[in-house]
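Here is a short report for a first look at a protein chain. Please keep the model in view while reading.

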Amino acid sequence: MLDIKQIIANPDEVKRRLSLRKPELAAQIDEVLGVYDSYKKVLACVEELRAKRNSLSKQIGVIKKEKGDEAAKEAMAQVGQLKEEMAQKEADLDPLKKHIDDLLLSIPNLPNEHIPVGKSDADNPEYLPCTLPLPKFDFKPLDHQAVGEKLGILDFAAAATLSGSRFALYKGDGARLERAIISFMLDMHARKGYTEILPPVIVNEEILFGTGQLPKFREDMYELTGEPKQFLISTAEIPLTNLNRGRTIAEAELPIKLTAWTPCFRKESGTYGKDTRGLIRNHQFNKVELVMISKPENSYQMLEIMVSDAQEVLKELGLPYHVVELCSGDIGFSSAKTYDIEVWMPSENRFREISSCSNCLDFQARRMGLRYKNAQGKLEYVHTLNGSGLAVGRTFAAILENFQQADGSVIIPPALRPYFGKDKIEAKK
């Protein structure tokens with residue numbers, strides 16, 4: 001969440017930067033300031049009553065000595081009355097404080113000063129161009145769903161029977177390829193110093209507040225019935241970043257680098273009719289996630305490293321891609337700066353997102369109480385970063401599309417062959 005001290009000290013600047021996301025967000029800062037003003041008035045009243053009570057308490061001995069027991073009893077009664085009034089006013093502070101916190105939980109992070117200004121993904125400039133050659137075909141390339149179904153390795157009809165639309169079922173070499181991609185990615189990231197984690201995919205409600213999925217994106221989450229309130233994760237960022245919640249980390253521990261493979265679950269609310277075919281936007285999908293916890297002065301450098309680590313997967317696989325920088329109107333709720341890596345999809349003749357790498361600064365750390373002690377012994381909030389390293393289903397789809405052959409077979413990238421066990425997927429005869 002945003003720092004209330006920053007809002008109070010420079011409200012116009014906070015509103016200006018939030019307006020780069022959406023102009024209407026400035027009104028939320030005015031609402032916070034209005035409630036804070038009420039809180040401040042009640043707090044001033046409490047402090048005034050406390051000062052009167054303390055002053056009178058100190059005088060009771062003198063009053064008793066100079067004016068007698070009756071005057072002292074009267075003064076003590078006044079102290080009791082002041083204490084009661086103070087307790088009533090203090091009780092008014094808690095709901096006001098909670099109101100402020102609730103408002104702050106619904107306000108997104110401030111965008112970095114230097115990111116491009118824009119309204120949507122149409123305004124995202126290219127950050128790094130594609131350097132790998134695009135595939136050339138002497139036939140009309142099929143989309144990955146058609147390729148997979150012809151090879152008998154994808155069965156969307158069976159998935160729909162089992163679970164409904166926007167689910168996938170991998171069969172035979174399809175399941176084997178998905179598993180090979182996951183292992184390949186995890187091994188790559190482990191070699192780069194990420195600690196591999198296999199976290200639960202069900203988390204408690206407060207965990208989602210920590211990374212910013214709640215309260216704003218509740219409709220996109222799969223909530224379980226019963227108590228306590230629990231949810232299926234939409235990304236491994238959620239358990240990985242929260243692993244250290246409430247901790248004070250020693251400076252020597254930073255940076256912390258974590259990676260995990262998990263299934264992810266998203267309702268995809270608001271995307272009706274969009275990307276309904278294939279593996280691009282399913283309700284359940286596999287993803288390998290990267291998370292970093294960094295000192296504030298290093299976090300933008302760490303973001304560049306994370307983007308490089310995610311890119312390396314595509315380079316090793318020989319999949320064409322480029323990198324775009326997200327504009328102010330397209331960055332995620334918790335992010336201050338984001339790069340998207342987009343892979344080439346021949347059937348669509350365009351690049352599609354396969355990884356999103358973000359620096360959230362101290363926004364998530366404030367929500368989960370995650371700090372470190374710096375060299376001067378002062379407590380500071382850490383910065384948190386997250387990115388896909390990569391979305392597994394989309395990598396699977398890109399392999400089918402980019403390496404499909406005229407006879408319907410698919411060439412397996414050399415880097416994957418030790419994991420997959422052969423160099424080609426062919427239709428069974």
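## Basis of the model

This is a predicted model, where local features need pLDDT of at least 70, side-chain atom pairs count only at pLDDT 80 or more, and totals for chains, interfaces and linings use all residues. Residues are numbered from 1 along each chain as its sequence is written, and side-chain values use heavy atoms, without hydrogens and water.

## The whole chain

The chain has 13 helices and 16 strands. These are DSSP runs, numbered from the N terminus: helices are H or I with at least four residues, strands E with at least two.

The C-alpha trace spans about 110 × 45 × 40 Å along its principal axes. Of the 429 residues, 49% are buried (under 20% relative accessible area, 1.4 Å probe, protein chains only).

## Helix α7

Helix α7 covers residues 173-191. The end C-alpha atoms are 27 Å apart, which agrees.

Buried residues of α7 include Leu177, Ile181, Phe184 and Met188. Just after α7, Gly193 has a positive phi of about 95°.

## Where α5 meets α12

Helix α5 (residues 144-151) packs against helix α12 (residues 392-402) at an angle of about 80°. Their axes, lines fitted to C-alpha atoms over the stretch in contact, are 8 Å apart. The two helices are therefore roughly perpendicular (65 to 115 degrees, on a scale from 0 to 180 degrees between N-to-C directions).

His144, Val147 and Gly148 in α5 meet Ala397, Leu400 and Glu401 in α12, with contact meaning heavy atoms within 4.5 Å.

Terms used: Expected span 1.5 Å × (residues − 1). Buried < 20%, exposed > 50% of the residue type's maximum accessible area, 1.4 Å probe, protein only. Parallel < 35°, antiparallel > 145°, perpendicular 65-115°, else oblique.
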